[in-house]
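Reader: Could you walk me through this one? I would like to start with the aromatic rings and then move on to other things.

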Amino acid sequence: MTPQDSSLKGEAAMTRRNGIWAAAFAATVALAGVAEAQQQQPVLSPRDTTKATIAGATIIVDYGRPSKRGRQVVGNLIPYDKVWRTGANKATHLVTDKGLMFGNVMVPAGTYTLYTFASETGNWKLAINKQTGQWGTEYKPEEELARIDLKVATLPQSVEQFVIKIEPTRGGGILKLEWDTVSASAAFMVH
């Protein structure tokens, strides 16, 4: 091997190393760009929590907040006569450290998943399910604790982003689901 051959091999090795470093640097820059673009994208259905302390009970609802974005809500995003996840993405969870009495239905202290059954002609229902931690569409009817009647009313103004509220009353409260022009609610007492 001549000194010139040795020099050419060294240059080739250096060029390969530089190429590898350049490719690694380009990949890092590209991944950083993707991460930055993902961070800049708005979350379409952000998670939110509503919390209330009523008659010594701490009640928390964790849920996803989809937006209307020009779509038909009731009868479409909230289907008639089918299970709806009561929000978006991960399942909506109700946590209470004391028992809650919805009409004649006792919900013991614990963590539950909330589902909604909308009806075009009958009563809307809130299903309280014992299965937790699942994606919102994983509904197991055999895990259902109870179905509670919801009182449905028309709102005076459209609500763009779905919201769950807990409004205190004397000795209890009202759980409200509001979206578009619909409010569905259920009164409860702390037991």
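Author: Before the rings themselves, a definition: rings of Phe, Tyr and Trp (its six-membered ring) count as a pair if their centres lie within 6.5 Å. In this model, which is predicted, Tyr63, Trp84, Phe162 and Trp179 form one aromatic cluster.

Reader: How many aromatic pairs does a search of the whole structure find?

Author: The search turns up seven aromatic pairs. One of them joins tryptophan 84 and phenylalanine 162, with 5.2 Å from centre to centre and 80° between the planes, an edge-to-face arrangement. This pair links distant parts of the chain, since tryptophan 84 belongs to strand S3 (residues 83-84) and phenylalanine 162 to strand S9 (residues 144-169), 78 residues apart.

Reader: Why is the pair of tyrosine 115 and tyrosine 139 called edge-to-face?

Author: Because the planes of the tyrosine 115 and tyrosine 139 rings stand at 75°, with their centres 4.9 Å apart, and planes over 60 degrees apart count as edge-to-face. Here tyrosine 115 sits in strand S7 (residues 110-117), whereas tyrosine 139 is in the loop between strand S8 (124-129) and S9, 24 residues apart. Tyrosine 115 is buried at a relative accessible area of 1%, and tyrosine 139, at 18% relative accessibility, counts as buried as well.

Reader: What sits over the ring of phenylalanine 117?

Author: That is the charged end of arginine 147, which lies 3.9 Å from the centre of the phenylalanine 117 ring.

Reader: Changing topic, where does methionine 106 lie, and what does it touch?

Author: Methionine 106 lies in strand S6 (residues 105-107), and it is partly exposed, with a relative accessible area of 33%. Leaving aside residues up to four places away in sequence, methionine 106 touches Gly99, Leu100, Met101, Leu145 and His191.

Reader: Zooming out, how many helices and strands does the chain have?

Author: There is one helix, together with 10 strands, and along the sequence the pattern is α-β-β-β-β-β-β-β-β-β-β. Of the 191 residues, 38% count as buried. Among contacts between residues at least 6 apart in sequence, 51% join residues at least 24 apart.

Note on methods: Residues are numbered from 1 along each chain as its sequence is written. This is a predicted model: local features need pLDDT of at least 70, side-chain atom pairs count only at pLDDT 80 or more; totals for chains, interfaces and linings use all residues. Side-chain values use heavy atoms; hydrogens and water are left out. Rings of Phe, Tyr and Trp (its six-membered ring) pair if their centres lie within 6.5 Å; planes under 30 degrees apart count as stacked, over 60 as edge-to-face and the rest as tilted. Helices (H or I, at least four residues) and strands (E, at least two) are DSSP runs, numbered from the N terminus. Buried means under 20% relative accessible area, exposed over 50%, partly exposed in between (1.4 Å probe, protein chains only). A charge sits over a ring if NZ of Lys or CZ of Arg is within 6 Å of the ring centre and within 35 degrees of the ring normal. Contact means heavy atoms within 4.5 Å.
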